[in-house]
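Have the fold open as you read.

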Amino acid sequence: MLRQVATAALLSALFVGSPVHAEEEVGRWKGFKSGSTEDFKVKAPWILDWRINTDVPQAMSIEISLINAISGFRDGVVLKSKYRGNGVKLFNQDGRFRFRVDSAFTNWDLKVRQLTPEEAALYTPRREEE
């Protein structure tokens with residue numbers, strides 16, 4: 001009897017205590033060369049979760065641009081760096097896009113995730129140091 005109560009309490013804590021996330025992965029791309037990702041379609045809000053690394057830190061560089069897949073025009077530069085790192089960028093625009101990656105000696109990992117408005121509210125931009 002005590003074992004059943006403990007099991008029920010544990011199951012209850014696992015299901016009731018854990019939040020439900022609507023975050024959905026739209027696409028994921030990895031590489032080390034320059035090129036473009038496949039097209040993806042998203043609705044605002046969504047995030048790009050990025051990671052960059054290298055075996056040659058003194059020579060690495062990367063620039064990632066967001067490309068409108070319909071027009072082929074660049075909507076802007078998402079990331080430009082010469083250092084290892086990772087981060088998340090929030091977007092508030094619908095559309096069909098792809099990323100153009102210009103990479104030198106850089107391993108990159110990009111994930112696009114669809115968010116709910118409530119999830120997007122949890123992302124706060126980092127302020128630039130003065």
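Let's start at one hairpin. I67 stands opposite R74 in strand 6, and strand 6 (residues 74-81) pairs with strand 5 in the antiparallel sense over six bridges. Strands here are DSSP runs of E with at least two residues, numbered from the N terminus, and two of them pair if DSSP finds at least two bridges between them. The hairpin of strand 5 and strand 6 has five residues between the strands, and G72 takes a positive phi near 85° there.

A word on ground rules: this is a predicted model, with local features needing pLDDT of at least 70 and side-chain atom pairs counting only at pLDDT 80 or more, while totals for chains, interfaces and linings use all residues. Residues are numbered from 1 along each chain as its sequence is written, and side-chain values use heavy atoms, leaving out hydrogens and water.

Strand 5 (residues 61-68) has another antiparallel partner, strand 8 (residues 95-104), with eight bridges between them. I62 has S103 of strand 8 as its bridge partner. Strand 5 is mostly covered, with six of its eight residues buried; buried means under 20% relative accessible area, exposed over 50%, and partly exposed in between, using a 1.4 Å probe and protein chains only.

Now for the inside. The largest nonpolar core has 20 residues, and F40, W46, F99 and L110 have the most contacts within it. Such a core is a set of buried Ala, Val, Leu, Ile, Met, Phe, Trp, Tyr and Cys residues joined through side-chain atoms within 4.5 Å. Strand 4 supplies the largest share, four residues. F40 is a handy place to look around: beyond its neighbours within four places in sequence, its contacts (heavy atoms within 4.5 Å) include V26, L66, F97 and V112.

What about the rings? A search of the whole structure finds seven aromatic pairs. Rings of Phe, Tyr and Trp (its six-membered ring) pair if their centres lie within 6.5 Å; planes under 30 degrees apart count as stacked, over 60 as edge-to-face and the rest as tilted. W29 and F99 make an edge-to-face pair, 6.2 Å centre to centre with 70° between the planes. Ring pairs join W29, F40, W46, F91, F97 and F99 into a cluster.

The charged side chains come next. There are seven salt bridges, each a side-chain nitrogen of Lys or Arg within 4 Å of a carboxyl oxygen of Asp or Glu. Here are three of them:

| Salt bridge | Closest N and O atoms |
|---|---|
| D109 and R28 | 2.7 Å |
| R98 and D39 | 3.2 Å |
| E63 and R74 | 3.7 Å |

Why does the bridge of D109 and R28 tie together parts 81 residues apart in sequence? Because D109 lies in strand 9 and R28 in strand 1. D109 is buried at 13% relative accessible area, whereas R28 is partly exposed at 41%. E63 counts as buried too, at 19% relative accessibility. Elsewhere, D49, R51 and R113 are linked in a network of salt bridges.

Finally, have a look at D55, in the loop between strand 4 (46-53) and strand 5. D55 is exposed, with a relative accessible area of 73%.
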